[in-house]
Amino acid sequence: MVAFFQYFVLIDPLGVLDSWNYSDESPCSWNGVVCGNPADHRVTELSLPNSQLLASIPANLGLIQHLIKLDLLNNSINGSIQLSLYNATELKVLDFSNNLISDELQKLVGGWRGLQFLNISGNLLTRKLPENLGGLPNLRWFL
């Protein structure tokens, strides 16, 4: 499921996705991909900070069922936070800081009940933050 991310990357000047080979049985050995238990191939983290990636956020990024950490800080990720990402109920860490993300955070942030760390600073987000963001019970760090 994580493999589709590569299709949304327009520029990868550091070659961080060079290890991503679709013929691999599992993405667990790919750069930036972490699996909770490599034997079952469940991706729990996608972490590609400081990679100089020019990309948009795939519409189905939130469909990675057991995603706990999404760290794409300090890239050139553009577009808006896709609706499917608000359904990533196991998400604990989300770091989109220092990118080109626009639009706004949706009221759907209420679905991130387990979220502990959220950093969306340094983007082009508009409007005020949704009121229910403050009601996330586990949120400890927000920028």
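Colleague: How many helices and strands are there in the chain?
Modeller: The chain has 0 helices and 11 strands, where helices (H or I, at least four residues) and strands (E, at least two) are DSSP runs numbered from the N terminus. This is a predicted model, in which local features need pLDDT of at least 70 and side-chain atom pairs count only at pLDDT 80 or more, while totals for chains, interfaces and linings use all residues. Residues are numbered from 1 along each chain as its sequence is written, and side-chain values use heavy atoms, with hydrogens and water left out.

Colleague: Which strands form the open sheet, and in what order?
Modeller: The open sheet holds 5 strands in the order β1-β4-β6-β8-β10, with mixed pairing, two strands being paired if DSSP finds at least two bridges between them. Because β1 and β10 (124-125) stand at the edges with a single partner strand each, one side of each has no neighbour in the sheet.

Colleague: And in what sense do β1 and β4 pair?
Modeller: β1 pairs with strand β4 (residues 54-56) in the antiparallel sense, over 2 bridges, and isoleucine 11 stands opposite leucine 54 in β4.

Colleague: Switching to rings, how many aromatic pairs are there?
Modeller: The count comes to 4 aromatic pairs, using the rule that rings of Phe, Tyr and Trp (its six-membered ring) pair if their centres lie within 6.5 Å, with planes under 30 degrees apart counted as stacked, over 60 as edge-to-face and the rest as tilted. One of them joins phenylalanine 5 and tryptophan 20, whose ring centres are 6.2 Å apart and whose planes stand at 50 degrees, so this pair is tilted.

Colleague: Where in the chain do phenylalanine 5 and tryptophan 20 sit, and are they buried or exposed?
Modeller: Phenylalanine 5 is in the segment before β1 (9-11) and tryptophan 20 in the loop between β1 and β2 (33-35), so the pair links distant parts of the chain, 15 residues apart. Both phenylalanine 5 and tryptophan 20 are buried, a label for under 20% relative accessible area, whereas exposed means over 50% and partly exposed is in between (1.4 Å probe, protein chains only).

Colleague: What about tyrosine 7 and tyrosine 22?
Modeller: Tyrosine 7 and tyrosine 22 form a stacked pair, 5.6 Å from centre to centre with 5 degrees between the planes. Tyrosine 7 counts as exposed at 62% relative accessibility, and tyrosine 22 counts as partly exposed at 38%. Ring pairs also link Phe5, Tyr7, Trp20, Tyr22 and Trp30 into a cluster.

Colleague: Which cysteines form a disulfide?
Modeller: Cysteine 28 and cysteine 35 do, with their sulfur atoms 2.0 Å apart, where a disulfide is a pair of cysteine sulfur atoms within 2.5 Å. The link is left-handed, with -90 degrees about the S-S bond, and both partners count as buried, cysteine 28 at 19% relative accessibility and cysteine 35 at 10%.
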